[in-house]
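Subject: Structure handover

Hello,

Here is the structure for your files. My notes come after it.

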Amino acid sequence: SVTDLGIGILNSLRKVRQYSGITASREAITLAVEEGVSSRKGKAGLGLSHIRRFARVNQGTLTVISGDGKVNFYSKSIEPRPMPSRFNGTAIELRINADREGFYFLKSEEDFIF
């Protein structure tokens, strides 16, 4: 798990004209895990999309909480839910199958990791 106390995914993405129409934290979280989505100008977002793909390959889950939204990304489905209270930062939890026989790397990242 990793948590930051920043401005949250929604507020971060809304600073970019392309994403300024986003109004819900759950929508922003779902968008943020797509490859190429970034709040930084001129930089392609890869971090969350790689983490989601890694979770999927390893039969795990990725949970992201930001603002008033919580989204669980399972290997084959997405479950967006409202949060009972607002969290201004972002919390990310990754759970994977770390069994020696079930642990897989994404081929494109294997050389980078080792």
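The notes below cover the salt bridges and then the cavity.

This is a predicted model, in which local features need pLDDT of at least 70 and side-chain atom pairs count only at pLDDT 80 or more, while totals for chains, interfaces and linings use all residues. Residues are numbered from 1 along each chain as its sequence is written, and side-chain values use heavy atoms, with hydrogens and water left out.

Salt bridges

There are three salt bridges (a side-chain nitrogen of Lys or Arg within 4 Å of a carboxyl oxygen of Asp or Glu). Glu35 pairs with Arg53, with 3.2 Å between the closest N and O atoms. Glu35 sits in the loop between α2 (25–32) and α3 (47–57) and Arg53 in helix α3, so the bridge ties together parts 18 residues apart in sequence. Glu35 is exposed at 54% relative accessibility, and Arg53 is partly exposed at 27% (buried is under 20%, exposed over 50%, partly exposed in between, with a 1.4 Å probe and protein chains only).

Arg81 meets Glu79 at 3.4 Å, N to O. Arg81 is partly exposed at 39%, as is Glu79 at 28%. Glu93 bridges to Arg95 at 3.2 Å between the closest N and O atoms; Glu93 is partly exposed at 26%, whereas Arg95 is exposed at 52%.

Cavity

On a 1 Å grid over the protein atoms alone, a cavity is a set of points where a 1.4 Å probe fits but cannot get out, and lining residues have an atom within 4 Å of a point. The structure has one cavity of 30 Å³ or more. Residues lining the largest cavity include Ile7, Asn11, Ser66 and Arg86.

Regards

Definitions and conventions:
On a 1 Å grid over the protein atoms alone, a cavity is a set of points where a 1.4 Å probe fits but cannot get out, and a pocket is an open set with protein on both sides within 12 Å along at least five of seven lines; lining residues have an atom within 4 Å of a point. Grid points are joined across faces, edges and corners, and a volume is the space filled by probe spheres set on the points. Helices (H or I, at least four residues) and strands (E, at least two) are DSSP runs, numbered from the N terminus.
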